[in-house]
Amino acid sequence: MRTVECDVAVVGAGPAGLAAAARAKRCGAGRVVLMDRDRELGGILNQCIHNGFGLQLLSQELTGPEYAEHFINEARDAGVETMLDTMVLEVTRSRQIVAVNRTEGLIQANAKAIILAMGARERNRGGVIIPGMRPAGVFTAGAAQRFVNMEGYMPGKRIVVLGSGDIGLIMARRLTWEGAKVEAVLEILPFPSGLTRNIVQCLNDQGIPLYLSHTVVDIHGEERVEGVTVARVDSDLRPIPGTEWDIECDTLLLSVGLIPENELTRDVGGELDPVTGGPVVTDEMETSTPGIFACGNVVHIHDLVDNVTREAWTAGEGAARLAARQQPGGETIRTRAGDGVRYVAPHLLHLDNLVARDVRLFMRATRPAERVQVEAVVGGKVVFSKFERVVRPAEMVVLTIPPGKVSPGKASPDHAGGGSHPELVVRITPRDRDTAVEGGRKA
Amino acid sequence: MQARRLAADVVIIGAGVVGTGVARELARYDVRVVLVEKRADVAFGTTKANTALVHAGYDAEPGTWKARLNVRGNSLYPKVCAELGVAYKNTGSLVVAFSEAQVLHLQELKAKGRINGVPGLEVIPRERVLTIEPDVNPDVVAALWAPSGGITSPWELAIAFAENAVANGVELLLSSPVIGMDVRGGRVSSVRCPGVVIDTGFVVNAAGIWADDIERMVGRDDFEITPRRGEYYLFDKRVGHLVSRPLFPVPSRSTKGIVVAPTVDGNLIAGPNALLVGDKGDLATTAAGLAEVIEGARRLVPGLPARESITNFAGLRAVAVPAGDFVIGASPGVPNFINAAGIQSPGLTAAPAIAEAVRDILADAGLELAEKPDFNPVRERPTRFAELCRDEQSALIEKNPLWGHIICRCENVTEAEVVEALHRAVPCTTLDGVKFRTRAGAGRCQGGFCGPRVVDIIHRELGVAPEQVTKKGGRSYILSGPSKDSLLEQTACRCLAHAIRDDGQADTEDVGTEDACRIEMREREGVGGHAHGGV
Ligand SMILES: Cc1cc2nc3c(=O)[nH]c(=O)nc-3n(C[C@H](O)[C@H](O)[C@H](O)COP(=O)(O)OP(=O)(O)OC[C@H]3O[C@@H](n4cnc5c(N)ncnc54)[C@H](O)[C@@H]3O)c2cc1C
Ligand SMILES: Cc1cc2nc3c(=O)[nH]c(=O)nc-3n(C[C@H](O)[C@H](O)[C@H](O)COP(=O)(O)OP(=O)(O)OC[C@H]3O[C@@H](n4cnc5c(N)ncnc54)[C@H](O)[C@@H]3O)c2cc1C
């Protein structure tokens, strides 16, 4: 078995892995090795040939592959070593990686720090439990996307999409352009789960109907899909008897969510967040296993690649600091999702970092709301907040806490109120309309 | 078109575990055997959708075929699976009782088992059950321990039977539905499939739930097969540790009840329920059926997490009416037409013994059986990358780099295994065929990752156009055809490029007012709807 000694090994070369590797190298790490099981760098971006990447970070509207190219170049320029067609089979607590590829066989990498950036996989039929027959023609939207965009083949001609996730919306448009008829997009929730701009551009502009509060209750066809039965659901998301109708189709695409690809993380044995399905991480993006970092969709599902890249930079910096033995020590404070927030990441913040730099918190709203304050609360006091005109579960909310808002004194146990563990609670609260000032801030 | 004409001593109809088992048994002898199967592969019938248990044999009525062949089949499993390289684990099994009344029932089962010749049955107390199965429902009172119970892989067994049969001279015709038979002077003389006529001395009817239709082709109508559907949950390997051996509830009159069992691959299976269905094609799962399965499974293992489910499926039991038992023997009035029909549970367990019984019936009916000196009972287990240690893996990759290319990310299946599966004694041409042979697509992502890659390998290795590759033969195509030139996409993309503000909001000027209104309306509906329910 070939052995590779390195400062930082990165698993997965999507936008997260690429940016993390490049940043680690730029921040002074020695040898940085980036591995991916696919034949190209760029991860899921390679099959996203639509526009809409990089608006925030690169101030341009790029396609997925173009966005990837930018960061592939950065990684190359920084001197990151890449290994493609290389599957990582195992990651250990002692920071060893076992990987395999065709040319070198099994490879063992010994690293000072490992960054996990394996992305996510799509939830499939078994995960959402759709009764009915089991014919060919049921695809996850991402698998269909790979067929169309990378292999040049169509999954079918008459299509129903279940789930209003972004991949499904984008595929609905793509397949329409390819000459297929997309009969309907069904969403079980009363609100869409994809970005608004995708609803507009991919469905409305194409004349594809979106049925909210609807789901598929039966699949027909012995060999190939011949149709589906759909029904309206009640507020507990249960199909309402009597509301069923049939749609003829030859294909059912599922866009029912992504699941962080955490098999390797589980092997390592670190703590996982039950809501995100990803590892619990610090503001350095370090998992609960020392020296093992994580970023991107493997931690929580991102809708904007720009945020993935930002998070990856943090991980890269953290890993480089660890390799150089310059990690922040000292006290940490735990974050917690409060009212109106489904989850928040990172989960642990170093007080040193809160004093010295911007600390970015990513969160998802539990429900759509208008005119709200996004607040960070420590010891019962709002330490920082910002106004949002609309929040939706589909769109990540970012709260960047400037340096000095949480000082070691404020976060000490007596101020924290409940228990001995100091925590920072984030919540989304309706803003009092009378006193609201557009874009204003509550101090 | 002139039909191809073949000659055989025995034609076996149906390549499930029963038909392939008979074929492999007859391959020991100097007889010409043709095995015909209407589907694209072996094991695509009931054999691919059952609980995969090697039953001990305590619940069949003493004196029935079921009782006799279950116990005999069970005792043949270790040897058969060792010879054929098939996964089999002698885990033992437990029937779990939750009341004193049920404990009495355990005693009855034990007594029945003793008559049937089941070894080692024992009623064990609560504490022992909880020691060996800590996740079982703590309300357990006692359990029947059957040390000869076990688990296997039904399709591995049928594929191995078929491969070993073919290696020993049996001819296998796939995608060949039997559409008629010629009967002369009270005996079957030939079997007809589209494009092929097989003149034969004997016919074995192993057509599963279609066995009554096959018997009607020789003018007999001795039994009717009423399909009884059973639905399943299959769980992720992550929860595979929850049970170490099959757990049964105390059985009802008609079924063994909803079982929770480990699989030989490390997953967990729960099911089946039991529902008579009118249609032999009705393999649909239903919301009500799946709910029944989960409920039944949770009675045995309360901690079973539904969210770890990776797939659901259903299988059809071939219940013969009026017999209720297996229907094994020459059809009355057609002495060279041998039924192996009504093979419901424990048919998988009994299969090796059914093969012996059918052999003996054929011999009694006049088939001459001279042992072949060169019969080779061994079929090597195909190498699986995931089953090897790192050194063995390294050695393989050195010989053939395709062993270093992982195709299925969930089960760590390599390209070498997929290629090998496509070129074995029994041809495999479909995605499901590859899945049953290699486990590519059988893991938690259910082929989402490897699907496109396997299509590509089938295309390359077998010279089949991608749009002709199927999931399971027939019209089960995966792809409808090539996509349009991607140039179109690029132009359209440019036309639609919208300015999007920094906060991710669509700029409505570009979208057009009508569309903007539509989206606004839908969103309001959405927000409003939820507000009523929750806020
Ligand atoms: C269809 C779709 C449309 C999107 N549209 C937009 C958009 O318009 N604008 C936008 O800003 N964002 C968009 N996003 C979101 C954003 O692109 C993703 O969130 C982002 O790509 C996630 O990056 P990642 O690096 O975490 O994961 P990925 O890109 O999934 O990369 C993970 C990589 O890890 C590799 N890997 C995993 N396991 C292993 C292993 N064991 N060994 C080796 N390699 C491994 C994989 O091969 C993969 O290359 C979209 C996402 C999708 C899926
Ligand atoms: C829900 C369920 C659970 C079960 N659990 C167990 C268990 O745990 N343990 C156990 O021992 N047994 C179990 N069984 C029973 C076991 O699965 C069956 O007894 C066994 O698989 C039957 O095999 P077979 O070869 O008879 O049928 P099949 O596998 O159905 O094979 C019959 C074949 O005949 C072919 N055929 C039909 N018509 C034609 C035609 N006209 N021309 C050519 N070919 C034709 C079909 O395509 C099919 O491949 C279970 C069964 C069910 C349904």
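This is a predicted model: local features need pLDDT of at least 70, side-chain atom pairs count only at pLDDT 80 or more; totals for chains, interfaces and linings use all residues.
**Notebook: the A/B interface**

I started with the contact count: 76 residues of chain B are in contact with 76 residues of chain A.

Next I looked up the area. Chain B and chain A bury about 6,800 Å² between them, and 55% of that is on carbon and sulfur atoms.

Then I went through the charges. I have 6 salt bridges down for chain B and chain A.

I get 21 residue pairs across the interface, both partners at pLDDT 80 or more.

Which elements of chain B supply the side that touches chain A? I noted helix 7 (287-300), strand 18 (309-321), helix 9 (390-399), helix 12 (450-462), strand 23 (481-482), helix 13 (486-496) and helix 15 (513-534), each giving at least two residues. Helix 15 of chain B has the largest share, with 9 residues.

I also sorted the residues on that side of chain B by type: 32 are nonpolar, 24 polar and 20 charged.

Last, I checked the strands. Strand 11 of chain A (residues 153-154) is joined to strand 23 of chain B by 2 bridges, and the two run antiparallel.

Methods
Residues are numbered from 1 along each chain as its sequence is written. Chains are lettered from A and ligands numbered from 1 in the order in which they are written. Side-chain values use heavy atoms; hydrogens and water are left out. Contact means heavy atoms within 4.5 Å. Buried area is the accessible area (1.4 Å probe) that two parts lose on being put together, summed over both. A salt bridge is a side-chain nitrogen of Lys or Arg within 4 Å of a carboxyl oxygen of Asp or Glu. A polar contact is a pair of N or O atoms within 3.5 Å; within protein, one must be able to donate a hydrogen and the other to accept it, and residues adjacent in sequence count only if both atoms are side-chain atoms. Helices (H or I, at least four residues) and strands (E, at least two) are DSSP runs, numbered from the N terminus. Ala, Val, Leu, Ile, Met, Phe, Trp, Tyr, Cys and Pro count as nonpolar, Asp, Glu, Lys and Arg as charged, and the others, Gly among them, as polar. Two strands pair if DSSP finds at least two bridges between them.
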